Structure formats: structure tokens, C-alpha cells
Amino acid sequence: MGDVHPEGNPHYTLGPRNGLIIAEQIAERLGALDPGNAEVYDKNLNRFRQNLTGWIENWEARMAPYRNRKIVTYHKQWLYLSDWLGLSAINYVEDKPGIPPSPKHIESLIQQMRAEQVRALLSSNLTSPTVPEKIASQAGTKLVTLPIAVGGEKDIKTYADLFEYIVSKLEAAFKE
């Protein structure tokens, strides 16, 4: 079955609106555990929420021209990101999560990407680039290598930095 997650896709942090939910739950739990500082947690949550909401509006506006663009992703980790941005993930390099693709699957995928004029193949910077580079090259598409977490690249120090990086890379790929 591959790397199946029976409790659900663990990559929910790759949708920034989910980050707001996560922050709310953390602040609520910290407030319950440490009621003396609940006001501090709420204040920090409100600041985070206000900042991230502004960024989300900016990213959504910048990505609006690319809604419904067809993409392929290496792994299903980009599901929350593609749903948030309105990108259409038509297939995956891993036909079974966590298991390298067969040559037959790769060939079929390349043909599908050409036929459907896929403009971007998304892959994590934790994935070996060999297979995604080969597929992108043969399909005539752009390989977009992205980090999956804060700290995933040198200059990504905050949650907002992560999505600014991701959105900037996607914009560049779709403009080319």
C-alpha cells in the first residue's frame, strides 16, 4: 500500500489557513494549561492571525491568475497547498505514496503531462531530484522544488516566510 497515513494526511500545515486553526488550538491549550498567561497567548494569537490573514489575502490575489492550472506532484504532500490555491493535481509521480514509481508509471505520467500541458511538477527539497528532473525534462514542464516546513531553506524563518517562498516559486514557474 505504500506510505499510507491511516489517520489522515500529515501535511496539513502546507495550507496556511490550517495554520490559523493550529495556532488557535495551541493558544487555547496553552491558556488551559497556564491560565495565568492566557492573555499573553491570546494576544500573540491575535497578532499571528492578523499578520497571517493579511499574507493569505496577498498570496491568494497573486495566485488567482493561476487557479485551475494543472500540476503533478511527486508525493501527495502538496494536497493542502493545491486545494488552497485552486491548482488541479492531476497525478502523482509516486503512484503509491512512499514507493518509487515504476518505469511504466513514469512513461505514462510523461505522456499524460504532455497531453494535458502540465506546467509544473512540484517536489519537496527532501526528495532526491533525479526522478522528478527526468520527468519534468521529458514532459517539457518546470520542476518546482519546494520546502515543506519552516527552516526548510536558509531564509525561511517563519511560517509566513515558508508560504512567501512557495508562492514566489510557483508564480515564477507559471509565468515562464
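Buried means under 20% relative accessible area, exposed means over 50%, and partly exposed lies in between (1.4 Å probe, protein chains only). This is a predicted model: local features need pLDDT of at least 70, side-chain atom pairs count only at pLDDT 80 or more, and totals for chains, interfaces and linings use all residues. Residues are numbered from 1 along each chain as its sequence is written, and side-chain values use heavy atoms, with hydrogens and water left out.

**Overall layout**

- The chain holds six helices and four strands. Helices (H or I, at least four residues) and strands (E, at least two) are DSSP runs, numbered from the N terminus.
- Along the sequence the pattern reads α-α-β-α-β-α-β-α-β-α.
- The C-alpha atoms fill a box of roughly 60 × 35 × 30 Å, taken along the principal axes.
- Of the 176 residues in the chain, 36% are buried.
- Contact means heavy atoms within 4.5 Å. Among contacts with a separation of 6 or more, 57% join residues 24 or more positions apart.

**Nonpolar cores**

- A nonpolar core is a set of buried Ala, Val, Leu, Ile, Met, Phe, Trp, Tyr and Cys residues joined through side-chain atoms within 4.5 Å.
- The largest such core has 27 residues, and Leu-81, Leu-122, Ile-166 and Leu-170 touch the most other members.
- At least two residues of this core come from each of α2 (38-63), α3 (79-85), β3 (120-124), β4 (142-146) and α6 (159-175).
- Helix α6 gives the most to this core, with nine residues.
- Another core, of eleven residues, lies apart from it; Val-72, Tyr-74, Ile-106 and Val-118 are among its members.
- Which residues does Leu-81 touch, not counting residues up to four places away in sequence? They are Leu-14, Leu-122, Leu-146, Phe-163, Ile-166 and Leu-170.

**Helix α1**

- Helix α1 (residues 16-33) has 18 residues and reaches 26 Å from its first C-alpha to its last, close to the 26 Å expected at 1.5 Å a residue. The expected span of a helix is 1.5 Å times one less than its number of residues.
- Pro-16, Gly-19, Leu-20, Ala-23, Ala-27 and Gly-31 are the buried residues listed for α1.
- Seen down the axis of α1, the buried residues fall within an arc of 105°, so they line one face of the helix. The arc is that of the directions from the helix axis to the C-beta atoms.
- An α-helix has 3.6 residues a turn, so residues three or four places apart point the same way.
- The face of α1 turned away from the buried side carries the exposed residues Gln-25, Glu-28, Arg-29, Ala-32 and Leu-33.
- The buried residues of α1 pack against α2, α3 and α6.

**Helix α2 and its partners**

- Helix α2 has 26 residues and reaches 36 Å from its first C-alpha to its last, close to the 38 Å expected at 1.5 Å a residue.
- Tyr-41, Leu-45, Leu-52, Ile-56, Trp-59 and Met-63 are the buried residues of α2. Their cover includes α1, α3 and α6.
- The axes of α1 and α2 come within 10 Å and cross at roughly 180°. Axes are lines fitted to C-alpha atoms, for helices over the stretch in contact, and angles run from 0 to 180 degrees between N-to-C directions.
- The two helices α1 and α2 are therefore roughly antiparallel to each other. Angles under 35 degrees count as roughly parallel, over 145 as roughly antiparallel, 65 to 115 as roughly perpendicular and the rest as oblique.
- The α1–α2 contact includes Leu-20, Ala-23 and Ala-27 of α1, and Tyr-41, Leu-45 and Leu-52 of α2.
- Helices α2 and α6 pack at an angle of about 5°, with their axes 11 Å apart. They are therefore roughly parallel to each other.
- The α2–α6 contact includes Phe-48, Trp-55 and Trp-59 of α2, and Phe-163, Val-167 and Phe-174 of α6.

**Loop residues**

- Most residues other than glycine have a negative phi, and most peptide bonds are trans.
- Asn-68 has a positive phi, near 70°. Asn-68 lies in the loop between α2 and β1 (70-73) and is exposed, with a relative accessible area of 62%.
- Gln-117 also has a positive phi, near 50°. Gln-117 sits in the loop between α4 (103-115) and β3 and is exposed, at 63% relative accessible area.
- Gly-36 is in the loop between α1 and α2. Gly-36 counts as exposed, at 71% relative accessibility.
- Gly-36 and Ala-120 are 84 residues apart in sequence and 49 Å apart in space, C-alpha to C-alpha.
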